[in-house]
Amino acid sequence: MADKDSRAGARYADAAILDYTNRVHGAHDAGLERAFSAPDREDIPAIQVGQGEGRLLEILLRMVGARRVVEIGTLAGYSAIRCARALGEGGKVWTLELLPAHAEVARQNIAAAGLADRVEVLVGEAHALLPGLEQHAPLDAVFIDADKEGYAEYGRWAARNLRPGGLLIGDNAFLFGNLLDDTPAARAMRRFHEEAPAEFESVCIPTPDGLLVGIKR
Ligand code: SAH
Ligand code: DHB
Ligand code: MG
């Protein structure tokens with residue numbers, strides 16, 4: 001983001017550069033690699049966050065001393081493991097997953113990473129599960145990475161349940177390049193963006209997929 005081309009969206013990272021920087025910074029150990037590569041072995045889509053974004057999650061959570069974290073969208077548990085690794089003493093991640101098959105794979109990966117006691121995988125629609133998590137508020141961070149039509153609602157839930165200084169983080173904030181379209185998902189994602197500044201100091205980090213980060217006022 002520091003010359004005319006990159007400010008306009010050009011990318012200097014390529015596969016080889018990403019491979020290099022991923023190896024140098026926060027490389028995968030066996031636990032992370034098992035979860036990251038689960039889509040290669042199981043019948044689940046390979047839509048986990050990238051290695052750099054996973055590492056960024058870990059760093060952001062450490063920066064705010066996170067102990068109570070809610071994740072919406074578990075998949076195989078890769079980002080949940082990143083979050084759990086960042087937790088302070090006695091910390092906990094509650095991660096919500098619609099599909100039982102994904103949740104089962106995630107539980108196995110989380111246990112294999114030695115984090116079963118710090119991560120609870122809850123199965124169902126996030127909309128139905130979120131009210132049950134309000135008992136754990138005030139939260140330190142909420143990571144949204146599930147159905148894109150739900151982001152605006154999840155963002156409002158986060159605003160109500162985060163402590164001042166807590167983090168809102170949303171993946172796919174560019175909506176795969178469709179953010180400005182006239183579709184329900186695009187309208188919901190734009191609402192997520194547009195409502196954030198009233199409750200958060202917010203920014204959309206131009207990761208390849210866009211990562212909205214906000215600090216609760
Ligand atoms: N955060 C994960 C990737 C999540 S992919 C990682 O980076 O490792 C998105 C997940 O959200 C999928 O597993 C999908 O089944 C789940 N999902 C989709 N809609 C959902 C909903 N309404 N409630 C809960 N989970 C949902
Ligand atoms: C999809 C979901 C994601 O969270 C993502 O990062 C990429 C793709 C999807 O539903 O296709
Ligand atoms: Mg995502």
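How many helices and strands does the protein have? I looked this up before anything else, bearing in mind that the model is predicted. I found 10 helices and 7 strands. I then turned to the overall dimensions. The radius of gyration is 17 Å, close to the 17 Å that the globule rule gives for 217 residues, so the protein is as compact as a globular protein of that length. I noted that the C-alpha trace spans about 45 × 40 × 30 Å along its principal axes.

**Entry on burial and surface.** I recorded that 47% of the 217 residues are buried. Of the contacts between residues at least 6 apart in sequence, 68% join residues at least 24 apart. The protein exposes about 10,500 Å², and carbon and sulfur atoms supply 55% of that area.

**Entry on charge.** I found 24 positive and 32 negative side chains. The centres of the two sets lie 5 Å apart.

**Entry on the backbone.** I kept in mind that most residues other than glycine have a negative phi, and that most peptide bonds are trans. Which residues does a cis peptide bond join? I found this bond between A137 and P138, with omega about 5°. P138 is placed in the loop between α8 (126-133) and β4 (139-144).

I next examined the loop between β5 (162-170) and α10 (184-199), where N172 lies. N172 is not a glycine, yet its phi is positive, at about 60°. Is N172 buried or exposed? Its relative accessibility is 7%, so I counted N172 as buried, the cut-off being under 20%. L175 also lies in the loop between β5 and α10. L175 has a positive phi of about 45° and is not a glycine. At 4% relative accessibility, L175 counts as buried.

Terms used. Residues are numbered from 1 along each chain as its sequence is written. Chains are lettered from A and ligands numbered from 1 in the order in which they are written. This is a predicted model: local features need pLDDT of at least 70, side-chain atom pairs count only at pLDDT 80 or more; totals for chains, interfaces and linings use all residues. Side-chain values use heavy atoms; hydrogens and water are left out. Helices (H or I, at least four residues) and strands (E, at least two) are DSSP runs, numbered from the N terminus. The radius of gyration is taken over C-alpha atoms; the globule rule is 2.2 Å times the number of residues to the power 0.38. Buried means under 20% relative accessible area, exposed over 50%, partly exposed in between (1.4 Å probe, protein chains only). Contact means heavy atoms within 4.5 Å. Accessible areas come from the Shrake-Rupley method with a 1.4 Å probe; for residues, only the protein chains shown count as cover. Lys and Arg count as positive and Asp and Glu as negative; His and the chain ends are not counted. The place of a charge is taken as NZ of Lys, CZ of Arg, CG of Asp or CD of Glu.
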